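Here is a friendly walk through a protein fold, from its overall build to the place where its parts meet. Have a look at the structure first.

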Amino acid sequence: MPPALQATGITKRFPGVLANDRVDFTLAQGEIHALLGENGAGKSTLMNILYGLYQPDSGQISVNGQPVKIVSPHDAIARGIGMVHQHFMLVPPLTVTENIMLGQESLVDATQVLGRLAMLDRRAAANRIRELSRQYGLAVDPDATVGDLTVGAQQRVEIIKALYRSAEILILDEPTAVLTPQEADELFVIMRGMVQQGKSIVFITHKLREVFAVADTISVMRAGAMVGSVQPAQATRELLAEMMVGRKVILAVDKSDAHPGAAVLQTDALRVLDDRKHVAVDGVSLTVRSGEILGVAGVQGNGQTELAEALTGLRQVTGGTITLNGHDTTHATPRQLVEGGLGHVPEDRHKHGLVLSFPIRDNIALCTYYRPPNSHGVALDYPTIERQAAELVRVFDVRTPSIHTTAGSLSGGNQQKVIMARELSRLADQDGVAGRAPLLIASQPTRGLDVGSIEFIHGRIVEARDRGAAVLLISAELDEIMSLSDRIAVMYKGAILATVDAKTATREQLGLLMAGVTPAVAQPGHKEGGRG
Amino acid sequence: MANSDKTATPGNRAPRSSGQGRAFSGKRIADLLGMPLLALATAFVLGAVVIFLTSGRLETVGEAYWGLLRGAFLKERGFSESLVAAIPYIFLSLGLALGFKTGLFNIGVEGQFYMGAIAAAWAGQAIQGLPTLIHLPLVLLIGAAGGAIWAGIPGYLKAKTGAHEVISTMMMNYVAFRLTEFLISGPLRAQSGSSTIQTPRISPGAELWALWDIPNRLADPLNALAVGLGLGFLAWMIARASRRKTKDEGPKNVDGNSSFVIRHSSILIAIVVAALAFIALPPLTRLWWPFTDQYDRLHLGLVLAVLAAVGVWWLLWKTTIGFELRTVGANPNAARYAGMSITRNVVLGMALSGALAGLAGTVEVVGVSICRCLPLFFSSGYGFDSIAIALLGRNNPFGILASSFLFGAMRNGADLMELSSGVSKYIISLIQALVLLFVAAPAVVRWLYRIKGGARADEAPLTRGWGG
């Protein structure tokens, strides 16, 4: 049987970057093929070429043995290739049926007569959706409004959308990034089912654990080239990580036991509203002590964003109190908190963390521009700022041509290093100031970063802890929470369900808590969660 | 860590250097100038096409542009009249650029221009007999305040209620037009026999001197003192700036044990310059002075405009105030994260923008108007042209000096163009509109000349739209 999809010698060049360098890729019929690689390795470029979003500079593509030229997504869909993007392409106010029909409207038969006034045949479409949903175990209500669905359900809508368009080959771009471990496991079951019914799946990810859970074949890309393909049985995590990065990687975070000191941050019955004035943080009480890392685990959208914003002065607190080093900071401004010893690595580095159009130099000085030695009176002291920026760029290994390069032209990993450099260097200035232990709040500090940068940033966070900082780590990556934290608080629907010791916590236990199942109700874990 | 790391993800292949290799390479300058120049050239070519199509004669194109050139530069006082027209343009488009940098589209500079003019016209005549040294700075300050308050109101409304400044400043324009009309024809109307409706003539001490008039003005020792103090202050600023530069390059002996003269060198230089100017300038200008034409309207406002450009540049790029304004303009979320007050900076940005617009009106009243007053039918239109000028100058104070001069020249040359070729002078508005179009939509120019490279990151926040 010819392979479902074959690409040979694909080369794609963008200005200044060779995104794909003679890449060969073969997807056999009925397999789940994991495509692994760091950000910027060229996975997305390759898939976008296969989906017709980009045209390759050279190379051939064949579908089911037939050489083809895919010039648009429309073309790809016509050849049975469907793609589920990492960021869903759904219209929230429309129903599931309407979303799925979009662009593929099935019309009532009167079409011919009434021309453009034809009625949409929602009922036929909804029936078809129910059928697909039964066939592949994708539980979705066709009449539900997409905006009301959970992220996991929206993802199922995306998959049905592809199946509705008769896709035989499915490309799933980082599908587990938004799921709880349990939801991810459900997705894997669905993927298995689809493969058994003859579909072929490309599964893009950077999480090593998942590859072993579901893939039949694993291909690894690095720096635009295909490094190689292996079977899961012959691979180990260490081998795959080395293939991805090009050198040996220390997967476990090297960290000694915590020596917690006095409480630095305390919240009591904190209540915060989200943008739509709904309660997002509902009575959160937590304590972070000097010299420890408290991890906040949880599926995205359970109030972590609002919690971090409230703690850093960016969002109004509507109830409860926040205490920083003994001072009430419930209604403190960001400036007061910076002065009080807060370092904040924000969740969205483009929205809050950086001014992308500014040079690195100005981004390094973003929070301290107003005080000596960076300025005297109103006059900025650029020589001093530049000396400091150059030093931090060196110490934090920011790969940039110069400190005058705009932050927007850096890769994600280097952007995050700029933020880390700024925040941690400010905290380091406070070392030894009595009664003002620094607090680091890091939200999703490694989101979207490559393995090398993650390793570096994790190292720095642990280092800050060891120097006596209190660290609040908020992350949707359970692996990150488990390997960095000393204690883990699980957040669900705005509340902390439980706080557990990181040494004894299991993936299973945390996953259940993340899904809102409290220990009293939950069945004891029947198997040990695979942490490695 | 990984210095043996050879994984070339896009960001990390460039070699690292610390600080050198700074911006102003030839390529960067070409990059900065290229787009505006291409926009300009394209607009003139299209203008030529329109002239040809409407006149039907190819020669008319040549006659029109030759007339424009003669009117703007070659005819008697052409060049200096172009400069006179450029002065309000400079202030206004500096105001717009400052707004743009703060993320604000202050479309109401025209109204602020009027409010500055009426405030200055009032302050100039309200007190008589004050020396220039006191009265002129006072009038400039009050004129700037007029514009600042008029722009500060929409700024406050935006910061507090989210009212978009494009709408509110545009509405404030109409209020300003009618309010100045009312004031000129009512409370502030000159009572003298003149039949024209205008404000009273301002006191001579509030006038901004024409260049030819300087030797006569310097005959008054108080005026000589004013000039001396002004030049002394300038010298002090320059000395301080250059001293800081040398200090950075080599940390020589600038600490405690250096001599009194070195430590206070800037202030000493300033005193020497001021004294020299006070003593020597009056007799020297009597002996020789390049500006002798009494009908030449070029005035000291030109110097003020250039100083304003330097001042805006310094404020925006060398001070914490400008750092905050630019951060709020480029990314308000990051500004909040960094502890800056959005409210304060939006109000401040609007007020400073309006102050510059108000100065433009002030300078027109105290430096240009023949009656040294504000007449009722005082048509300007400067404010709207300035949007194009600021964009053509890429919101850079020095770019604005150049583009203001260009627009001043076009405004000034248009009359002779119409006279000598019969082509309507409104063709100039068409060309200016095309310039604005091409500068605002650089993609069109790129496509036209097949220039590669998409929109760059620093190009984006030129104007943030309605959502902003």
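The report below starts with the whole chain and then turns to its domains.

This is a predicted model, in which local features need pLDDT of at least 70, side-chain atom pairs count only at pLDDT 80 or more, and totals for chains, interfaces and linings use all residues. Residues are numbered from 1 along each chain as its sequence is written, while chains are lettered from A and ligands numbered from 1 in the order in which they are written.

Chain A has 18 helices and 22 strands (DSSP runs, numbered from the N terminus: H or I of at least four residues for helices, E of at least two for strands). Its radius of gyration, taken over C-alpha atoms, is 25 Å, close to the 24 Å that the globule rule gives for 532 residues, so chain A is as compact as a globular protein of that length. That rule is 2.2 Å times the number of residues to the power 0.38. Along the principal axes, the C-alpha atoms fill a box of roughly 75 × 50 × 50 Å.

An automatic or database domain assignment gives two entries for chain A:

| Domain of chain A | Residues |
|---|---|
| domain 1 | 5-245 |
| domain 2 | 263-514 |

The C-alpha centres of domain 1 and domain 2 of chain A are 34 Å apart. Where they meet, 10 residues of domain 1 of chain A are in contact with 13 residues of domain 2 of chain A (C-beta atoms, placed from the backbone, within 7 Å). On the domain 1 side, helix 7 (181-196) and helix 9 (237-245) of chain A each supply at least two residues, and helix 9 of chain A gives the largest share, 3 residues.

Terms used: Two residues are in contact if their C-beta atoms, placed from the backbone, lie within 7 Å.
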